[in-house]
Amino acid sequence: MSDLGLNSLLIHADDSLARVIDIASPIDVSTTYKYPDDPNDLVPACDKKDFSDRFIYSRFSHPNTERVEKVLEAVFGEGSHVIAYSSGLSSFYAAMTYFSPKTVAIGDGYHGCHGILNILTKNYGLKQIPLDAPEEELQPGDIVHLETPVNPTGISFDIQHYADKAHRRGAYLLVDATFAPPPLQDPFLFGADMVMHSATKYFGGHSDLLAGILVTKDLSIKKKLFEQRLLLGTITGNLESHFLLRSLRTFEIRIKTQSSNATQVVSYLKNNVKKLPIIDEIYHSSLQTEEFVKKQLPIGYGPVFSIKLKSKKAAKHLPSKLRLFHHATSLGGVESLVEWRAMSDPTVEHDLLRFSVGIENVEDLIKDLTNALEQVGKEFL
Ligand SMILES: *Cc1c(COP(=O)(O)O)cnc(C)c1O
């Protein structure tokens, strides 16, 4: 299949796993599966050395999660191993369980990952240090956790820089690449040891499922993660995995449209800040000039950007002036969202608005946003 393009892989990479003649994968709800009829085929658990190639119990694996993993392995390319979880945060927790670091270096980013580390600090004394702490503070086996592009701004960080820093100390680099999934960004090219995604966002793409994934280049790590996942009980749900597989079929066309729409919206705003004086600052990878950004995001930028307004009141009121951007948290869906970020992240300033750009017609999005910015400008500036 490696001769196929991404769209073809998204639709066909899992063809060999179809168990019935249905074109759309069935929704499998069973939690348990029959053992072989022939007693000679029964292998007792104590003799099993590897993944079972049969389904046994759905906390271990089930048909649609296996198909999702197969499709995503094609998306991440040659030598990639994917394991799917019940949410982005359960995939982060699984990575922490697997690496079991004594210290994690972490910067800004999704508040839930910080929340998990705080639990680990409270329960087990995990030490947390800033992302840019001196590298001497890292020991072998520790983790540098980098989110790029980062939540909520959509700004990029230099993956290679943090990979080198971690590796000089025998530590590992975990990259949360939720904001720029492939084909936009491949953190492995810049030294990442493991990549996580909230599949709730772009892979799911329809705001109707929770899932997460870890990606590793080492099959033996996937096997260990698999053994731990079946104990943690954090496999993607049966129904969610069906929706996720359905969503993956259109992933490339969605992500490319979202990326292009977001970059056009950002560029329009940037070129028209004089007409929209309420804007204080616009944040997005497309506006960064550092050389690494273009290397990490060679074909397009992530579809999330943020704007800081000159008035907190204007920021609070802006979502109510928009027609096409729903005011809600989350991102990655086909519908555009705006969030007065103070609603869900207790750590951000109240003048910040986060935008997740969908697949609507970009002229409509630009018009909608310009109108709303003009209105709050008149009222609050
Ligand atoms: C949403 C998100 C998560 C958490 O994912 P869930 O699927 O909601 O558990 C983690 N990291 C980033 C960057 C996210 O946007």
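This is a short tour of a predicted model, with one selection at each stop.

Residue numbers start from 1 along each chain as its sequence is written. In this predicted model, local features need pLDDT of at least 70 and side-chain atom pairs count only at pLDDT 80 or more, while totals for chains, interfaces and linings use all residues, and side-chain values use heavy atoms, with hydrogens and water left out.

**Stop 1: the ligand**

Select the ligand and the residues around it. The shell holds 13 residues; a residue counts as near if one of its heavy atoms lies within 4 Å. The closest are G88, D176, S198, T200 and K201. By class, the shell has five nonpolar, five polar and three charged residues. Here Ala, Val, Leu, Ile, Met, Phe, Trp, Tyr, Cys and Pro count as nonpolar, Asp, Glu, Lys and Arg as charged, and the others, Gly among them, as polar.

Now look for polar contacts, which are pairs of N or O atoms within 3.5 Å. Show L89 first: a polar backbone atom of L89 is 2.8 Å from a ligand oxygen. Next, show S198, where an N or O atom of the side chain sits 2.8 Å from an oxygen of the ligand. Then pick K201. A polar atom in the K201 side chain is also 2.8 Å from a ligand oxygen. How much of the ligand does the protein bury? Taken alone, the ligand exposes 380 Å², and the protein buries 93% of that. Such areas come from the Shrake-Rupley method with a 1.4 Å probe; for residues, only the protein chains shown count as cover.

**Stop 2: strand β2**

Select residues 103-106, which form strand β2. Helices (H or I, at least four residues) and strands (E, at least two) are DSSP runs, numbered from the N terminus. T103 and A105 lie on one side of β2, V104 and I106 on the other, and all are buried. Buried means under 20% relative accessible area, exposed over 50%, and partly exposed in between (1.4 Å probe, protein chains only).

Find I106 and look across: P130 of β3 stands opposite.

**Stop 3: two buried helix residues**

Select H242 in helix α7, residues 238-248. Is H242 buried or exposed? H242 counts as buried because its relative accessibility is 13%. Beyond residues up to four places away in sequence, H242 touches S25, P26, I27 and N64. Contact means heavy atoms within 4.5 Å.

Move to A372 in helix α11, residues 362-380. A372 has 0% relative accessibility, so it counts as buried. Leaving aside neighbours within four places in sequence, A372 is in contact with L318, K321 and L322.

**Stop 4: backbone exceptions**

Most residues other than glycine have a negative phi, and most peptide bonds are trans. Select N151 and P152. A cis peptide bond joins them, with omega about 0°. P152 is in the loop between β4 and α5. Then try P182 and P183, whose peptide bond is cis with omega near 10°. P183 lies in the loop between β5 and β6.

S100 is in the loop between α3 and β2 and counts as exposed, at 52% relative accessibility. End at S207, with a positive phi of about 50°. S207 lies in the loop between β6 and β7 and is partly exposed, at 47%.

Note on methods
A polar contact is a pair of N or O atoms within 3.5 Å; within protein, one must be able to donate a hydrogen and the other to accept it, and residues adjacent in sequence count only if both atoms are side-chain atoms. Two strands pair if DSSP finds at least two bridges between them.
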